[in-house]
Amino acid sequence: MSVMIDVNDVSMLFNLSKERVDNIKEYLIRVAKRQLQFDEFWALKNVSFQIEKGDSLGVIGLNGSGKSTLLKVVSGILKPTSGTVITNGNVAPLIELGAGFDADLSARENIFLNGAILGYTHEYMEERFDDIIRFAELEQFVDVPVKNFSSGMTARLGFAIATMNVPDILIIDEVLAVGDFKFQEKSFARMKSIIDSGATVLFVSHSIQQVQQMCNKALWLEHGHVRMFGDAQEVCAAYSQE
Amino acid sequence: MAQKIELLKQKIKVFLKYKTLLNELVVRDIKVRYRKSVLGLLWTVLNPLLMMCVITVVFSTLFRQNIPNFPIYYLAGSLIFSFNSEATSNGLYSIIGSASLIKKVYIPKYLFPISKVLSALVNLGFSLVAMFVVMIVTGAPFHATLLLMPLPIFYVFLFTSGLSLLLAAATVYFRDIAHFWGVFVLAWTYFTPIFYPVTILPSFAMKIMQLNPMYHYVTYMRDVVLYGTFPGMKENLICFLIGAVTLLIGLWVFYRKQDRFVLYV
């Protein structure tokens with residue numbers, strides 16, 4: 001088995017300045033007074049784990065335990081303060097649906113824009129265009145600007161684009177609660193089929209039940225530290241007992 | 001050394017992967033700007049034409065300068081200058097304006113300022129059409145040196161890209177720059193011979209003028225468009241070096257700071 005994601009001793013430090021200094025006058029005054037102090041906050045501290053091809057890892061923990069930060073570090077949005085992350089294969093981040101949409105453009109134009117953000121060519125998107133529209137159930141609204149969409153419609157379109165193919169690594173941050181229950185079932189089924197076809201999945205959820213259903217491994221984070229890492233059922237059981 | 005080449009190869013591969021995105025960003029810029037206007041893209045040609053009319057009327061009645069072929073004199077200079085000011089003014093907002101995207105997806109960040117420079121370049125292309133129209137209407141001669149026009153545009157493109165990268169990175173940390181830049185560009189407009197001839201300047205001001213990069217680009221453009229002369233080796237070298245050095249500084253600062261953008265936007 002090949003290692004798909006190797007997270008090695010990753011720590012992430014945030015400076016929590018009480019008031020953000022973002023103008024020159026303020027900055028100079030603070031430098032002169034030596035008041036440029038920050039509260040340091042370690043969102044992740046010495047986190048290490050490896051997942052292999054075909055694994056699906058559920059990340060669990062309370063609010064503020066560093067789950068989303070971990071996903072952002074793995075998908076390359078944040079650079080860790082120390083430590084390394086190595087990913088093998090293309091990563092499809094599903095951190096927030098429709099993040100790359102331009103409200104003034106139509107659904108059609110946004111599909112190509114969003115595809116480009118994920119690194120796909122125009123021709124590639126053209127081939128998948130009909131599938132995306134059909135899955136998102138937006139046949140009648142192809143040329144409507146996205147600003148006139150309901151939030152459910154936007155999220156459906158975002159989900160359809162992000163899951164249109166089977167990536168090597170799929171990263172999901174609590175986005176399965178999209179749309180009405182019918183669309184939720186549909187998106188859950190699609191996630192399942194992506195996992196079954198051998199993709200490696202990193203999944204954040206507050207729902208222990210979803211993690212147990214979808215993942216074979218689990219990582220329990222507490223205040224940025226790894227509390228437990230291993231078999232999904234065991235970790236979930238320990239977590240529920242807390 | 002081999003490692004460096006490997007790194008460069010990697011960078012080029014990533015750039016090629018995101019070529020489509022760069023293209024989409026530029027197209028989006030232009031589409032969104034002219035959406036819902038009746039004349040649409042025609043405005044890119046119409047705008048410089050109308051501006052030229054206003055300036056020509058003002059400077060041929062109120063402030064007489066007696067520059068032969070004033071409309072072309074003005075257009076050749078102002079098109080190059082507007083390219084720079086449009087690209088830098090949009091470029092400095094490009095990173096903070098894409099905050100929502102930068103926080104959620106990994107994208108090479110230089111794409112944002114560079115896309116603004118490219119859409120300004122597309123605009124410049126349309127504006128050149130306006131210039132050719134004016135040249136035909138006013139019966140100005142078409143010199144063979146017109147074919148060399150890509151040269152000054154290439155030089156100013158290097159300069160503007162570097163400046164935009166620098167400003168985009170700096171604005172993340174100091175938002176003041178966004179407010180200050182508008183005033184600076186206005187002052188810069190007056191300190192560049194766009195609607196007056198340099199000959200009216202006293203000699204000490206002329207010395208300072210040599211330090212103004214836009215002066216060199218504007219003059220170069222006029223030489224090939226209006227006067228049909230090809231600037232010498234020295235002028236070519238100056239224009240190229242200003243551009244290349246600015247671009248290198250811009251890239252260097254941008255690369256050093258880009259990993260921390262996401263924490264500040």
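This is a predicted model: local features need pLDDT of at least 70, side-chain atom pairs count only at pLDDT 80 or more; totals for chains, interfaces and linings use all residues.
Chain B first. It has twelve helices and zero strands. The C-alpha trace spans about 55 × 45 × 35 Å along its principal axes. Take the contacts in chain B between residues at least 6 apart in sequence: 80% of them join residues at least 24 apart.

For chain B, an unreviewed UniProt entry lists "transmembrane region" at several stretches, including residues 72–96 and 237–255. In the model, residues 72–96 of chain B are 100% helix, with the end C-alpha atoms 37 Å apart. Residues 237–255 of chain B are also 100% helix, and there the end C-alpha atoms are 26 Å apart.

Now chain A, helix H6, residues 181–196. Its 16 residues should span 22 Å at 1.5 Å a residue, and the end C-alpha atoms are 22 Å apart, which agrees. Which residues of H6(A) are buried? They are A:Ser187, A:Met191 and A:Ile195. These cover an arc of only 80° around the axis, so they sit on the same side of H6(A). An α-helix has 3.6 residues a turn, so residues three or four places apart point the same way.

What covers those buried residues includes strands E3 and E7 and helices H5 and H7 of chain A. The face of H6(A) turned away from the buried side carries exposed residues, among them A:Lys182, A:Glu185 and A:Asp196. Just after H6(A), A:Gly198 takes a positive phi of about 100°.

Note on methods. Residues are numbered from 1 along each chain as its sequence is written. Chains are lettered from A and ligands numbered from 1 in the order in which they are written. Helices (H or I, at least four residues) and strands (E, at least two) are DSSP runs, numbered from the N terminus. Two residues are in contact if their C-beta atoms, placed from the backbone, lie within 7 Å. UniProt positions are given in the numbering used here, feature names are shortened, and annotations may be inferred rather than shown by experiment. The expected span of a helix is 1.5 Å times one less than its number of residues. A residue is buried if 20 or more other C-beta atoms lie within 10 Å of its own, exposed if 12 or fewer, and partly exposed in between; C-beta atoms are placed from the backbone. The arc is that of the directions from the helix axis to the C-beta atoms.
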